[in-house]
Amino acid sequence: MDQAHARVVAVLSTFVSRLNAEGALGAALRRRGLTPAEMRFEHVPQILPDLQRAVTLFGSVNASRLRDELLSLGREPVPEKPAVRRIDIRSEDDVVVARQQTRELCEALGAGSFATQRVATVVAELARNIVAYTPGGTLELESKPKDRRVVCIRARDRGRGIPNLDEIMSGRYRSATGLGLGLLGTKRLAESFSIKTGPTGTQVDVQVRT
Amino acid sequence: MTRAGPIPILRVADVLLTTIHVDLQDTIAAAFQEDVLLEIEATGAKGIVIDISGLEEVDTHVARILAETGSMARLTGARAVLVGMRPEVAATLVRMGYAMGAIETSLDVEEGFRLLGAWPKG
C-alpha cells in the first residue's frame with residue numbers, strides 16, 4: 001500500500017473509526033478513478049471535499065482541522081542537505097574559528113579523537129598557509145555526500161600562486177616558514193589531495209577519512 | 001623582569017617550567033621565544049620544561065616554533081624538554097613526516113624534571 005494512502009487513512013482515523021476512514025478514502029478515490037496504490041499526496045486537494053463530506057457523516061468533525069491536517073501531509077520539510085561550512089580566512093583568529101568548526105563537524109560525524117586530530121590539523125595547515133602567504137581566502141568544509149565519514153576540505157585563496165609547487169610537493173624544498181612541510185604533511189594525512197595554482201590564486205581540495 | 005608574551009615561565013629550583021595553553025600565533029610565538037631566552041639568561045637555568053598538554057592541536061607551524069625554541073635554548077646552554085604531547089598530536093605529526101628536531105621529549109612534567117635531574121629524590 002502506498003504511503004500517501006496509509007498516511008491519509010491515519011489522519012482520518014483520528015476523526016472516525018479506521019473502517020470508516022478506509023471506506024471514505026476508497027470511495028473518494030474511486031470517484032477519481034484512482035486505486036489506493038496510485039494515490040499520491042498531490043491528489044489530496046482533489047479528493048478533499050469528498051473526504052470531508054464522507055467523514056462528517058460518521059461523526060461531528062472539525063472540518064477545518066481535518067482539512068489542515070490532510071493538506072499538510074507530504075509537505076514535511078525535506079531533510080536539509082548537509083550544509084557546507086564556509087569560513088573566511090584572513091587572520092590568525094580565523095584559523096582558530098576554522099579549527100573549532102572542524103571539530104564540531106567531526107563530532108557530528110562521530111569521528112574518533114585521532115581522526116578528528118588529522119582533519120583539524122589539515123584545516124589548520126591550509127588556513128595558516130592562506131594567512132601567511134595570501135591576502136585572504138576561504139575554507140569550505142563538508143562531509144562527502146556519498147560517504148559521510150569522509151570530510152571534504154576546499155581551501156581557496158586570492159594569492160599569487162605557488163611558483164615552486166613541484167619542488168614543494170616532491171619534498172625537496174624546505175621553506176624558512178614551513179609551507180613545504182605543511183602542504184606535504186597535509187597530503188600525507190589525506191585520502192585524496194589535489195592542488196591547482198596560478199597567478200590569481202590557489203585551490204586545494206583534500207579529503208580526509210574519519 | 002618584563003615579559004613580552006602572555007605565556008608565563010616559572011622558575012622551579014634550577015630549571016624553568018612553562019605551560020602553553022594558547023594558540024601559538026605568530027606574535028605570541030615570537031614573544032614566547034624571546035621570553036624563554038631572556039629567562040634562561042636571567043636565571044641561569046640549566047633547562048626548561050615546555051608543557052603542551054593543554055594544546056589541542058599542534059600543526060607544523062606550532063611544531064616548528066617549539067622545535068626552534070628548543071634549538072635556541074640549547075644555543076644558550078640550556079636543555080629544553082617538551083612534555084605532555086597528546087597521543088593524537090604525536091600520531092598526526094609523525095604521519096605528516098614531521099620530526100621534532102633537536103628538542104628532547106618526555107611523557108609529562110614530572111618525567112621532564114627527572115630528565116633534567118631536577119626532581120627531588122625519594
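Into which domains is chain A divided? Chain A has domain 1 (3-72) and domain 2 (85-209), with bounds from an automatic or database domain assignment. This is a predicted model, in which local features need pLDDT of at least 70, side-chain atom pairs count only at pLDDT 80 or more, and totals for chains, interfaces and linings use all residues. Residues are numbered from 1 along each chain as its sequence is written, while chains are lettered from A and ligands numbered from 1 in the order in which they are written.

**View 1. The two domains of chain A.** The C-alpha centres of domain 1 and domain 2 of chain A are 55 Å apart.

**View 2. Helices H3 and H4 of chain A.** Helix H3 (residues 44-58) packs with helix H4 (residues 63-72) at about 145°, and their axes lie 10 Å apart. Helices (H or I, at least four residues) and strands (E, at least two) are DSSP runs, numbered from the N terminus. Axes are lines fitted to C-alpha atoms, for helices over the stretch in contact, and angles run from 0 to 180 degrees between N-to-C directions. Residues in this contact include A:Leu48 and A:Val55 of H3(A) and A:Leu66 and A:Leu70 of H4(A); two residues are in contact if their C-beta atoms, placed from the backbone, lie within 7 Å.

**View 3. The open sheet of chain A.** Five strands are arranged in the order S1-S2-S3-S5-S4, with antiparallel pairing; two strands pair if DSSP finds at least two bridges between them. Strands S1 (85-89) and S4 (192-198) are the edges, each pairing on one side only.

**View 4. A helix on the sheet.** Helix H5 (residues 92-108) of chain A lies across S1, S2 and S3, at about 165° to S1(A).
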